[in-house]
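Open the model in your viewer and keep the selection tool at hand. The tour below goes from one selection to the next.

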Amino acid sequence: MADVIYALADICEESVFVDETVSGNVTFHFEDKDFESALSRFCDYCHLYVINDNGVYRVSQVELSVNDRKSISLNGENVMIEPLLNYLSRITNTTILYDTLPVATITIRV
């Protein structure tokens with residue numbers, strides 16, 4: 001999936017950051033005229049989330065919001081467990097220790 005996003009960004013001369021949670025293979029045919037609508041349609045199809053951060057499109061398989069009370073809300077579909085934990089560790093600036101994890105995906109809806 002990340003390769004498709006990078007190829008689209010390269011063709012349209014846009015800046016993207018695809019985090020470690022985005023993985024997998026996909027085939028997709030683009031008919032859109034502009035980058036934003038193409039990226040939006042692709043990400044909707046693949047259950048990805050996009051944030052435009054001052055002209056840099058950040059793409060993730062996880063939607064994360066941190067509340068003032070130090071709680072976290074997550075949404076994600078078919079996310080690999082290990083990349084999710086690495087993402088949470090990076091975003092929260094917290095070390096997360098874990099043993100070998102199974103190669104499996106999880107879906108989180110909060």
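**A ring in the helix, then the helix itself**

Select F35 first: its relative accessibility is 5%, under the 20% cut-off, so F35 counts as buried. Keep in mind that this is a predicted model.

The rings of F35 and Y57 form an edge-to-face aromatic pair, with 5.0 Å from centre to centre and 70 degrees between the planes. F35 belongs to helix α2 and Y57 to strand β3, so the pair ties together parts that are 22 residues apart in sequence. Y57 is buried too, at a relative accessible area of 7%.

Next, select all of α2, residues 35-46. From first C-alpha to last, the twelve residues of α2 reach 16 Å, close to the 16 Å expected. Colour F35, A38, L39, F42, C43 and C46, which are buried. Look down the axis of α2: the buried residues fall within an arc of 125 degrees, so they line one face of the helix. An α-helix has 3.6 residues a turn, so residues three or four places apart point the same way.

What do the buried residues of α2 pack against? Show α1 (2-12), β1 (15-18), β2 (49-53) and β3 (56-60) to see these partners. On the face turned away from the buried side, find the exposed residues D44 and Y45.

Move to the ends of α2. Just after α2, H47 has a positive phi of about 60 degrees.

Last, select F28, F30, F42 and Y45, which form one aromatic cluster.

Methods: Residues are numbered from 1 along each chain as its sequence is written. This is a predicted model: local features need pLDDT of at least 70, side-chain atom pairs count only at pLDDT 80 or more; totals for chains, interfaces and linings use all residues. Side-chain values use heavy atoms; hydrogens and water are left out. Helices (H or I, at least four residues) and strands (E, at least two) are DSSP runs, numbered from the N terminus. The expected span of a helix is 1.5 Å times one less than its number of residues. Buried means under 20% relative accessible area, exposed over 50%, partly exposed in between (1.4 Å probe, protein chains only). The arc is that of the directions from the helix axis to the C-beta atoms. Contact means heavy atoms within 4.5 Å. Rings of Phe, Tyr and Trp (its six-membered ring) pair if their centres lie within 6.5 Å; planes under 30 degrees apart count as stacked, over 60 as edge-to-face and the rest as tilted.
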